[in-house]
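Here is a friendly briefing on one structure, covering a helix pair and a set of charged contacts. Have a look at the model, then read on.

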Amino acid sequence: MFNEVESLSDVLFSISDYIHDNPELGNEEFKAVQKITETLGNYGFTIEKGIAGLETAFIATYKNGLGGPVIGLLCEYDALMDLGHGCGHNLQSASVLGAAIALSRHLSHKDVTIQVIGTPAEETTSGKIPMANGGYFDHLDVALMMHGGDRTTVDGRSLAVDNFEFEFIGKESHAAVAPEQGISALDGVLMTFNGMEYLREHVRTDVRIHGIITDGGKAPNIVPKRATAKFSVRAKDRKYLNEVVERVFNVAKGAALATGTKVIIHTLKSLENKLNVQSLNDLLLENAHFSGAKNITPPRERTGSTDFSIVTHRVPGACIRVSFVPYGTSNHTEEWVKASKSSDGNEAILVAAKTLSGTCLDLVYSPELLDRIKAEFIVAKQTLESSSEELVSTN
């Protein structure tokens, strides 16, 4: 299997470099999707594009024998605005293709279906949300992903997140001639930021509240009639996040009351915290060892949010992060962009492809292992649902 991945190295590096050199924003990844699906089609995969109403979402399927269990390998390919591939999605696409193609050649007589699922706009609108709502992951027996990193590890958890826009409406006037006739929407925004600072002192340490002003007015001599700010609010679990969000809303409403403005709250995106299946994480790390991965560590203490969490609430899912930048180097930086097209990036592609394909092969040839993972997932989901029911009853 690993030799098969190595034999694909030129193809995989070419795909990675092409996506890196042609960065596309979310829902506009037409070149990347064409390159990925064309390559998979050449290796016997059946392609379905435009799923879930998303032009750059796709499913590529390789069915062996009668089909059997369905293993999903998810890939992302969108870039960051004004930065490029600062999250290494070009590596992700190439490694997933390498795993899928290598695996398809080693299934022998086994009944199994391999699907590469292309999920657009991870950095912005999160294509996995409409795809999940459309049931495009529900048929999978397991879902796996890869991501670059400053170490090789698995995602033990992620933060639940809610993204909002606060739109404040006031009344414009001349800021010098008739300031008393104006009601500053910007004052509402600024008071909201001040309120968030006070709120931070009285929430759990895992909570993250961060925002930017997206519209502060048109000119300094005009009292702003409209001003807007966007905020992300995160926490380890949805239950506590909902409590914090209610307090965040009250801060904005209080700012509106204090400044005489009106606030309209727009919900932009909500993501759950990851539902963890430890046995699947362990299997990925075991295969990472066999694949020669560098800098293998326990899961990160600090983590962000991911739309992959939506998938993990529907089927057992796990993501292997593969080291390709120096320890401590943050993503969404120029350092990541440069490293995503380098010898270290290429090495990460091969390590990840071997790790994913080896994990899949274990699941295919050890059905009892897949059964155990699915059973653990059911228990984790039941525990989560019980916790949610307790929250409803106490409220």
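**Charged pairs and a helix pair**

Lys354 has a relative accessible area of 11%, so this residue is buried (buried means under 20% relative accessible area, exposed over 50%, partly exposed in between, with a 1.4 Å probe and protein chains only). The model is predicted, so local features need pLDDT of at least 70 and side-chain atom pairs count only at pLDDT 80 or more, while totals for chains, interfaces and linings use all residues. Residues are numbered from 1 along each chain as its sequence is written, and side-chain values use heavy atoms, with hydrogens and water left out.

**Salt bridge from Glu6 to Lys354**

- Lys354 meets Glu6 through their side chains in a salt bridge, at 2.6 Å from N to O (a side-chain nitrogen of Lys or Arg within 4 Å of a carboxyl oxygen of Asp or Glu).
- Because Glu6 sits in helix 1 (residues 2-7) and Lys354 in helix 11 (residues 343-365), the pair ties together parts that are 348 residues apart in sequence; helices here are DSSP runs of H or I with at least four residues, strands are runs of E with at least two, and both are numbered from the N terminus.
- Glu6 is partly exposed, at a relative accessible area of 35%.

**Other salt bridges**

- The count of salt bridges comes to 18.
- Glu76 and Lys128 also pair by their side chains, at 2.6 Å from N to O.
- This pair links distant parts of the chain, 52 residues apart: Glu76 is in the loop between strand 3 (70-75) and helix 4, and Lys128 is in helix 5 (residues 128-133).
- Glu76 is buried at 1% relative accessibility, and Lys128 is buried at 0%.
- Asp150 and Arg151 form a salt bridge whose closest N and O atoms are 2.9 Å apart.
- Asp150 counts as buried at 9% relative accessibility, and Arg151 is buried at 15%.

**Helix 3 with helix 4**

- The axes of helix 3 (residues 30-42) and helix 4 (residues 89-104) come within 11 Å and cross at roughly 10°; axes are lines fitted to C-alpha atoms over the stretch in contact, with angles from 0 to 180 degrees between N-to-C directions.
- Helix 3 and helix 4 are therefore roughly parallel to each other (angles under 35 degrees; over 145 is roughly antiparallel, 65 to 115 roughly perpendicular and the rest oblique).
- Ile36, Thr39 and Leu40 of helix 3 meet Ser93, Leu97 and Ile101 of helix 4, where contact means heavy atoms within 4.5 Å.
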